[in-house]
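Have a look at the structure first.

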Amino acid sequence: MSVPVADVPVGGGKVVGQSVVAQPTEGSFTAFSSTCPHAGCAVSEVTNGTIICPCHGSQFDASTGDVTGGPATAGLEKRTVRRTGDTLVVS
């Protein structure tokens, strides 16, 4: 899976398929599974460094994937992201 760097704003991110890609700070990219571990819903947005699940309001740190607000009790599964020019490749 790949996404253009320009589609991932600083402090925000983009949900692409079964992954969510974030840029918590300028030039630093992270990627996680987009599946919330609480009930299996897909996270929907990344705002102000927080990944949000719309189903029950769980929140995750966009830098680490760790839970910052429940009801989820586990963080998002980490994925590998690497930058190749103007593209981010997630595996």
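What percentage of the 91 residues in the chain is buried? Buried residues account for 37% of the 91, where buried means under 20% relative accessible area with a 1.4 Å probe, protein chains only. Please keep in mind that this is a predicted model, in which local features need pLDDT of at least 70, side-chain atom pairs count only at pLDDT 80 or more, and totals for chains, interfaces and linings use all residues. Residues are numbered from 1 along each chain as its sequence is written, and side-chain values use heavy atoms, leaving out hydrogens and water.

The chain has eleven strands and zero helices; these are DSSP runs, with helices being H or I of at least four residues and strands E of at least two. The radius of gyration, taken over C-alpha atoms, is 12 Å, close to the 12 Å of the globule rule (2.2 Å times the number of residues to the power 0.38), so the chain is as compact as a globular protein of that length.

| Property of the chain | Value |
|---|---|
| Accessible surface (Shrake-Rupley, 1.4 Å probe) | about 4600 Å² |
| Carbon and sulfur share of that surface | 46% |

Now for the interior. A nonpolar core is a set of buried Ala, Val, Leu, Ile, Met, Phe, Trp, Tyr and Cys residues joined through side-chain atoms within 4.5 Å. The largest one has 13 residues, of which V20, V43, V46, I51, F60 and L76 touch the most other members. Apart from it lies another core of nine residues, including V3, V8, V21 and L88.

Technical notes. Buried < 20%, exposed > 50% of the residue type's maximum accessible area, 1.4 Å probe, protein only.
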